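Here's a quick briefing to read alongside the model. Have the viewer open as you go.

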Amino acid sequence: MKIFLDTADLGEIRRAADAGLIDGITTNPSLVAKVAGKRDPKEIYLAICETVDGPVSLEVVGVDKDTMLTEGRKLAAIHKNAVVKVPLTEAGLKACRALVAEGIRVNVTLCFSVSQALLAAKAGATYISPFVGRIDDISGDGMELIEQIRQVYDNYGFKTEILAASLRHPLHVVQAMMAGSDCCTIPPSVLWQLSKHPLTDKGLETFLKDWETLGARI
Ligand code: E4P
């Protein structure tokens, strides 16, 4: 399963990329607004694309098809790693179809149902982003959506990759893997949480203490 980092924070992106742990990045307008300050978002996008050797999702903010197309082409031109993110609306699906026809990879975002995921696949989406955590937030079962999309895509041989999004904790990541998601996107905090286990810390402490009794060096 591919791991994408869900952030526009370059410091966090460098930290994870240096560790060789991530396959790509997803951003959204809210994440960019958090870090941009006075900077032009396009500069941030270019820096992210130059830092990570993998797909970097950059989202359009237009709501009609033509504006999405204009913005999508500009975003795709920033760097070869750019993937254009469009919302799962009628206009977004039409823009997806047109951008894909031009050879541009598209991530269809804000997916909350299997029927939406079906249409994204029909529109040729490279990735579909179902928002697990936001469904959980309203007492739904976000992970069930990942399982259902997996089954439908497999039933009909759709090539669109499932990119489990809005994942909020390590268990979400494990469940997304078990459900057969192709990719997951996670905040930096969740990436580092994945490595933690109290028995690892305890075991290491004991090993180091025991080694000290030898007074030896490696
Ligand atoms: C996905 O591409 C989105 O950026 C993200 O996963 C949304 O997560 P949130 O629901 O925690 O904001």
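What follows covers the ligand site and then the aromatic rings.

This is a predicted model, where local features need pLDDT of at least 70, side-chain atom pairs count only at pLDDT 80 or more, and totals for chains, interfaces and linings use all residues. Residues are numbered from 1 along each chain as its sequence is written, and side-chain values use heavy atoms, with hydrogens and water left out.

**Ligand site**
- Around the ligand you'll find Asp6, Asn28, Lys85, Phe131, Arg134, Ala165, Ser166, Arg168 and Thr185 (a residue is near if one of its heavy atoms lies within 4 Å).
- That shell splits into 2 nonpolar, 3 polar and 4 charged residues (Ala and Phe count as nonpolar, Asp, Lys and Arg as charged).

**Polar contacts** (pairs of N or O atoms within 3.5 Å)
- Asp6 puts a polar side-chain atom 2.7 Å from a ligand oxygen atom.
- Ser166 also has a polar side-chain atom, 2.7 Å from an oxygen atom of the ligand.
- For Arg168, a side-chain N or O atom is 3.0 Å from a ligand oxygen.
- Taken alone, the ligand exposes 350 Å², and the protein buries 86% of that (Shrake-Rupley method, 1.4 Å probe).

**Aromatic rings**
- The structure has 4 aromatic pairs (ring centres within 6.5 Å).
- One of them is Tyr153 with Phe158, edge-to-face at 5.7 Å centre to centre and 70° between the planes (edge-to-face means over 60 degrees).
- Tyr153, Tyr156 and Phe158 are linked into a cluster by ring pairs.
- Tyr153 counts as buried because its relative accessibility is 0% (buried means under 20% relative accessible area, with a 1.4 Å probe and protein chains only).

Notes. Polar contact = N/O pair within 3.5 Å; in protein donor to acceptor, adjacent residues only side chain to side chain. Phe/Tyr/Trp six-rings, centres within 6.5 Å; stacked < 30°, edge-to-face > 60°. Buried < 20%, exposed > 50% of the residue type's maximum accessible area, 1.4 Å probe, protein only.
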